[in-house]
Amino acid sequence: MPYTIHEIKRIEKKWQEFWRDNKTFKAEIFGDKPKYYVLEMFPYPSGKIHMGHVRNYTITDVVARFKMMQGFNVLHPMGYDAFGQPAENAAIKRGVDPSSWTYSCISDMREGLTKMGFSYDWDREFATCDKEYYKWNQWIFLKMLERGLAYKKSSFVNWCPSCDTTLANEEVINEECWRCKAKVEQKDLDQWYLKITAYSERLLDDLKTLDKWPSRVIAMQSNWIGKSFGVDICFREKDTNEPLTVFTTRPDTIFGCTYVVLAPEHPLVDKLIKGSKNEQDVRQFIDKVKKESKTERASAGNKKQGIFTGRYAINPVNNEAVPIWLADYVLMDYGTGAIMAVPAHDQRDFIFAKEYKLPLRIVIEDPKRRDLKENELEQAFVDEGALVNSKQFDGLNNIKAIEKIGSWMEEDKIGKVSVHWRLRDWLISRQRYWGTPIPVIYCPKCGTVPVPEKDLPVELPAKIRITGEGGSPLNYVKEFVIVPCPECKGEARRETDTMATFFDSSWYFLRYCSARNGAQVFDKKEAAYWMPVDQYIGGIEHAILHLLYSRFFTKFFKDLGMIAFDEPFTRLLTQGMVLKDAEVMSKSKGNVVDPDLIIDKYGADSLRLFILFAAPPEDQLEWNDSAIDGSWRFLNRVWNLVEYKFKKEAGFNLPSELDKEDKEFERIRNATIKKVTEDLSVGLKFNTAISSIMIFMNAIDKYKVTDDDARKQAILNLSVRTMTLLLAPFVPHFSEELWQALGGKEKTVAFSLWPEYNEASLAQESIQVVVQINGKLRAKLDVSADISEEKLKQFVLSDGKVKDFIQDKPVRKFIYVPGKLVNLVI
């Protein structure tokens, strides 16, 4: 029967039902095989799957199926990162309940994932909005609260006026909310934080152990944690002697400080400006800066804004009074929220000083222009040089002076050598409904009281009115808010903030180990068996936040004595995005390709093959309509091979005697097995693996078998079976059907053993060498594979065709690329 779309649909439906009914991919617990845990970053259920999902999950599925065939006990689960603002937005727009909308989207997504033939253990499926899941979010929060890792404080936060909620720094993109694109402002609120900074050192140090992560991701994590060695320098306000500590990583430039800059949020600012003649102007400036996002303020490309406070600080190294300014580019999130400005040797300070006509002082000499004056500087000098205008440190190399000046300051008690981190504690409060309720009660008598564990989960009230205005909708649900205090039983109020969704995704990989366990967050023994995740796959956009938080939670669980490992993911792959017309597929751009339409026309396996063959997984993939057609045509060739050339009665046994053609055919078969195995084992090079399979198919087509030659038919049959097994991880429905046609003993190809290659069969007896003369192809010669270069030279020069082209001209050069070509220069 031809491989038509009608037949494709029949086959794919048949095998999807078989896998479901037989629970083919149900992971065994404590099986006798070595374990392999492969996981993709679980999706937000917004409806039908898109091509980004198809690519991510197809990549993961190939890894899972390959490992199954290699004899591993594979855990490959699926779930849904289901809380978040989009569900509330949908509730407002469509007038539906967030829960109903979310579970409807999950149903659509599950249908799409099933159509693609992904090998999930569906018995472990969950959504983070299931109360059976978010109960454990609340349990984790309480454990952190017990250990002082969860706390509440007032601070300026990124605020989206449209979503009416706080945003983490990473959720602010180009000064806009990552969800609705509204301009982000700064707002002072009481918020719940997790003290991730208590783990800064471990999070940084353990990056060294992640040798199977992309170096780009390691660098991004390291930079975000941001360990800086420097000095806290003790300036004082001139009139009040109020201490003002600035942090710098460049104490070598302290003598070049010509002004000090504070963050507008610095706690000293109010004291400095109160009652001053420009107090009103300064406060207006502060209000203006509050409307800027931290990303906007820290951006190197934006023009920096500032205002003079009217006050001065005393530089402790020379008792010089320098003006105290406020500027938007200084943040409380780094160091002490105050910097010393050295415009002659810092480009940002230089630009600011030029804008506001502030003085410069050179303290590092440019070795190429020793007589350079401050008014001649066109930009800050940031290179290495000797110190000048630095008293007893004049003449020292500035790099070597960093440690010496720091030590001198510490001895004179005008500074202290210190370490600062860029990493800040994690804001988890969100003013929305559709999230995990924070399990805290506020009692006027007892204060802040944690919800007792026996009362978990604190459930979200059902079917409440959501308008998108006025903060959290939970504020208006009296039966949710007004509760008895767990301690004194008096009337109290429940916390109405919910948790950031990154909390949900920071430990879900552990929950999969025992997804139906209602008695504990996860089973220790099962987590010890399955974890850490052997291969984790997801987008580069999660390289900082999600991965950092997951690492933090893992270390916290280790501190609780629940696990023995330090890192959750052994190997990481960040796949590229799917593009069409050189742009990321997006509904707003109108360039989306619907996977359902492709499946209806070509089948899921053709789509899988295209997705895997079109580009290396780390690279962006450009959609190509003709290429998907090419994938379908290739599968047709393989189908016809089994339909018309395979003969079951000839068997699969390789004859003991092989002629020259047979040996070369066997060499190609074994070389293909080796190449595909290596490509799937190291680097996940799916495109080159598929290319090797296609080359193998060409060799099969060329191998001639007569109707009565049982010996050659057996050799061909063996290659057909090898082809089917090699294709099985890539195109599973197709391969299952072929496996049955070949008489496979196993009920499913998914657990058939991956083919092995024979090293001895890889040796070539002869090779073809291309001969070029002055760069032009002139001959192709078959020679012994182990021929020496000298004998090859004699053989080439004695060939008739070569002689005709050379004639009597002298050969100036004989260039040999071993095993490939010879180039004669005449």
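This report describes the overall build of a predicted protein model and then several of its strands, helices and residues.

## Basis of the model

The model is predicted, so local features need pLDDT of at least 70 and side-chain atom pairs count only at pLDDT 80 or more, whereas totals for chains, interfaces and linings use all residues. Residues are numbered from 1 along each chain as its sequence is written, and side-chain values use heavy atoms, with hydrogens and water left out.

## Overall build

The protein contains 26 helices and 32 strands. These elements are DSSP runs numbered from the N terminus: helices are H or I runs of at least four residues, and strands are E runs of at least two. The C-alpha trace spans about 105 × 80 × 50 Å along its principal axes.

Of the 826 residues, 55% count as buried. Here buried means under 20% relative accessible area, exposed means over 50%, and partly exposed lies in between, with a 1.4 Å probe and protein chains only. A contact means heavy atoms within 4.5 Å. Among contacts with a separation of 6 or more, 73% are between residues 24 or more positions apart.

## A sheet of four strands

An open sheet of four strands has the order β30-β29-β32-β31, and its pairing is mixed. Two strands are said to pair if DSSP finds at least two bridges between them. Strands β30 (776-784) and β31 (813-817) stand at the edges with a single partner strand each, so one side of each has no neighbour in the sheet. Neighbouring strands of this sheet are turned by 20° against each other on average, direction ignored.

Strand β31 pairs with β32 (residues 821-825) in the antiparallel sense over five bridges. In this pairing, lysine 813 stands opposite valine 825 in β32. Helix α25 (residues 789-798) lies across β29 (766-773), β30, β31 and β32, and runs at about 120° to β31. Such axes are lines fitted to C-alpha atoms, for helices over the stretch in contact, and the angles run from 0 to 180 degrees between N-to-C directions.

## Strand β19 and its partners

Strands β19 (residues 440-443) and β20 (residues 447-450) run antiparallel and are joined by four bridges. A hairpin of three residues leads from β19 to β20. Isoleucine 441 has valine 449 in β20 as its bridge partner.

Strand β19 also pairs with β22 (residues 491-494), in the antiparallel sense and over two bridges. There, tyrosine 442 has arginine 493 in β22 as its bridge partner. In general, strands of a sheet pair through backbone hydrogen bonds, either parallel or antiparallel.

Asparagine 398 is found in helix α12 (residues 398-411) and is buried, with a relative accessible area of 1%. Leaving aside neighbours within four places in sequence, asparagine 398 is in contact with several residues, including Arg250, Asp252, Asp383 and Glu384.

Isoleucine 700 lies in helix α22 (residues 686-702) and is buried, with a relative accessible area of 0%. Not counting residues up to four places away in sequence, isoleucine 700 touches Leu641, Lys645, Phe665, Leu716, Ser719 and Met723. One of these, leucine 716, is 16 residues away in sequence and 7.3 Å away in space, C-alpha to C-alpha.

Arginine 633, in helix α20 (residues 625-644), counts as partly exposed at 45% relative accessibility. Arginine 633 and tyrosine 3 are 630 residues apart in sequence, yet 9.5 Å apart in space, C-alpha to C-alpha.
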